[in-house]
Amino acid sequence: MAITRRKFLIGGGVVAVAAGAGILTPMLTREGRFVPGKPRHGFVAGTEGPLPQQADVVVIGAGILGIMTAIELVGRGLDVVIVEKGNIAGEQSSRFYGQVITYKMPDETFLLHHLGKQRWREMNAKVGADTSYRTQGRVEVPFDEEDLVNVREWIDTRSKNVGSDIPFKTRIIEGAELNQRLNGARSKWTIAGFEEDSGSLDAEIATFVMADYAKKLGIKIYTNCAARGLETQAGVISDVVTEKGPIKTSRVVVAGGVWSRLFMQNLGVDVPTLPAYQSQQLITGSPTAPGGNVALPGNIFFREQADGTYATSPRVIVAPVVKDSFVYGYKYIPLLSMPDFPVHISLNEQLINSFTEPTSWKLDEVSPFEKHRNMTALPDLPELNASFEKLKTEFPAFKDSKLIDQWSGAMAIAPDEHPIISQVNEYPGLVINTATGWGMTESPVSSELTADLLLGKEPSLNVKPFSLYRFS
């Protein structure tokens, strides 16, 4: 998409207004850079040997969305090949926070999450392995009276209209029950929302277990094998062209995470997303620390993992300014005003790189994906360290906890924060599943919707809110 003078001025104005309003922290010093990396933890080897000459479906991307979609398609009797530019789960799918929740989810995404929780509860039995999933319950204390009113209204509405046979199990808790859930807290919290059936998945385990399961089903996953683009014949997809050669197919799924927009740009299709990074860390636990999943005002968050360690993450998003920020950054203004989810803007070399990175290439040329095998964002260490200190102050049980790891996950977010799960009209036989900050939670259900769309079946849920063309 070309940047017109009008769009450039509007986008630049958004950045300037945000900075003047105090929404931005010092932009030139905050991390928010995309750098070469590797899978944060774990490793599943790709399939060895030459590429197959053809497949019923080629899935582009071996993160959780691509792997779960391939599993779903194999379950429907199709031969599926996954091609991945780097390693399996080399980027966001080994760096997620791991909450499997529905709390305060809007109408458009509620059922994606509600059904996703149920699918994950059944997953260990399905795959015959421990995915790390645990149903553990989640407490979130409202950050002010208005938030409490909104939560009560949300719970009341959802209780009356779940939209599923699966029970809705979120309620308000107070008194002894809340104190038990926040055992050892120094503050006197009086009321909270409690999602009884929320779950937890660990970034060190979940995607790798699902990838192993996919391989056992016969799914071939070719790593270090970037998809460069598609070839068509008579307006129909005929091949996926990779750096290692073409694969004949008439059906393709793009599940490339933050790279989906760039891949689609080379096809002449606009996927409006902007990059966003969230820093997280892993700490040792304590026998007296409260379990479960907790979110408190003052940026205190923790989630107990399957092995007794704790994942923590300040609820802060770092958004680097890139070329596309000047194209449609103004559409993200509502997200900048969310009181419980601050956005910090970063100005760094990623802005320059976004102007110099090619957005189109020939299929016999080296693509950008071959130059960026496994990428990750640098963590925001000051925010992580500050949140760790707040956690130890609020819960003295964590005072002797040790830091194990710090990292940042990279996401591509649409202007309305909803995922993009959609047929691509310009390329019959192509479906895109991308643009979500909740890939783990949504993946069991979004993969079903993707398979429905790919096979021309009526999706089990309304997919209009997730259409690529909702932005037109």
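# Pockets, strands and turns

Me: How do the residues lining the second largest pocket divide into nonpolar, polar and charged?
Reply: The lining of the second largest pocket has twelve nonpolar, nine polar and six charged residues. Please keep in mind throughout that this is a predicted model.

Me: How much space lies in that second largest pocket, and which residues are closest to its centre?
Reply: The second largest pocket holds about 650 Å³ of space. It is lined by 27 residues, and those closest to its centre are Trp259, Val322, Gln350, Ser354 and Glu357. The elements that contribute two or more residues to this lining are helix H8 (260–265), strand E15 (274–283), helix H11 and strand E22 (403–413).

Me: Which element gives the largest share of the lining?
Reply: That is H11, from which five residues of the lining of the second largest pocket come.

Me: What follows H11 on the way to helix H12, say around serine 360?
Reply: Helix H11 covers 349–356 and helix H12 covers 368–371, and serine 360 is in the loop between the two. Although serine 360 and glycine 268 are 92 residues apart in sequence, their C-alpha atoms are 8.6 Å apart in space.

Me: Is serine 360 buried or exposed, and why?
Reply: Serine 360 counts as exposed because its relative accessible area is 51%, and the cut-off for exposed is over 50%.

Me: What lines the largest cavity?
Reply: Its lining consists of Gln136, Gly137, Val139, Arg181, Gly291, Gly292, Asn293 and Val294. By type, the lining of the largest cavity is made up of two nonpolar, five polar and one charged residue.

Me: Now strands. What is the order of the open sheet of three strands?
Reply: The order is E4-E9-E5, and the pairing is antiparallel. Strand E4 (99–100) and strand E5 (134–135) are the edge strands, each of which pairs on one side only. E5 pairs with strand E9 (residues 199–200) over two bridges in the antiparallel sense, and within that pairing threonine 135 has glycine 199 of E9 as its bridge partner.

Me: In what sense do E2 and E3 pair, parallel or antiparallel?
Reply: E2 and strand E3 (residues 80–83) pair in the parallel sense, over four bridges, and valine 57 stands opposite valine 80 in E3.

Me: Which way do the residues of E2 point?
Reply: In strand E2 (residues 57–60), Val57 and Val59 point one way while Val58 and Ile60 point the other way, and all of them are buried.

Me: And which strands form a hairpin, and what is in the turn?
Reply: E23 and E24 form a hairpin with six residues between them, and glycine 429 in the turn has a positive phi of about 95°. Strand E23 (residues 420–423) pairs with strand E24 (residues 430–434) in the antiparallel sense over four bridges, and isoleucine 420 has threonine 434 in E24 as its bridge partner.

Me: Which residues other than glycine have a positive phi?
Reply: Among them are alanine 89, with phi near 55°, and lysine 104, with phi near 65°. Alanine 89 lies in the loop between E3 and E4, whereas lysine 104 is found in the loop between E4 and helix H3 (107–121).

Me: How accessible are alanine 89 and lysine 104?
Reply: Alanine 89 is buried because its relative accessible area is 2%, while lysine 104 counts as partly exposed because its relative accessibility is 26%.

Me: Last topic: where does threonine 242 lie, and what does its side chain reach?
Reply: Threonine 242 belongs to strand E12 (residues 236–242). Its side chain reaches the backbone oxygen of glycine 245 at 2.6 Å, and a polar atom of the threonine 242 side chain also lies 3.0 Å from the backbone nitrogen of lysine 244.

Me: Why does threonine 242 count as buried, and which residues is it in contact with?
Reply: Threonine 242 counts as buried because its relative accessibility is 3%. Setting aside neighbours within four places in sequence, threonine 242 is in contact with Leu51, Val83, Cys225, Ala226, Ala227 and Arg228.

Technical notes
Residues numbered from 1 in each chain as written. Predicted model: local features only at pLDDT ≥ 70, side-chain atom pairs only at ≥ 80, totals over all residues. Heavy atoms only, no water. Pairing = 2+ DSSP bridges. Buried < 20%, exposed > 50% of the residue type's maximum accessible area, 1.4 Å probe, protein only. Polar contact = N/O pair within 3.5 Å; in protein donor to acceptor, adjacent residues only side chain to side chain. Contact = heavy atoms within 4.5 Å. 1 Å grid on protein atoms, 1.4 Å probe; cavity = no way out; pocket = protein on both sides within 12 Å on 5 of 7 lines; lining within 4 Å. Nonpolar A, V, L, I, M, F, W, Y, C, P; charged D, E, K, R; others polar. Points joined across faces, edges and corners; volume = space filled by probe spheres on them.
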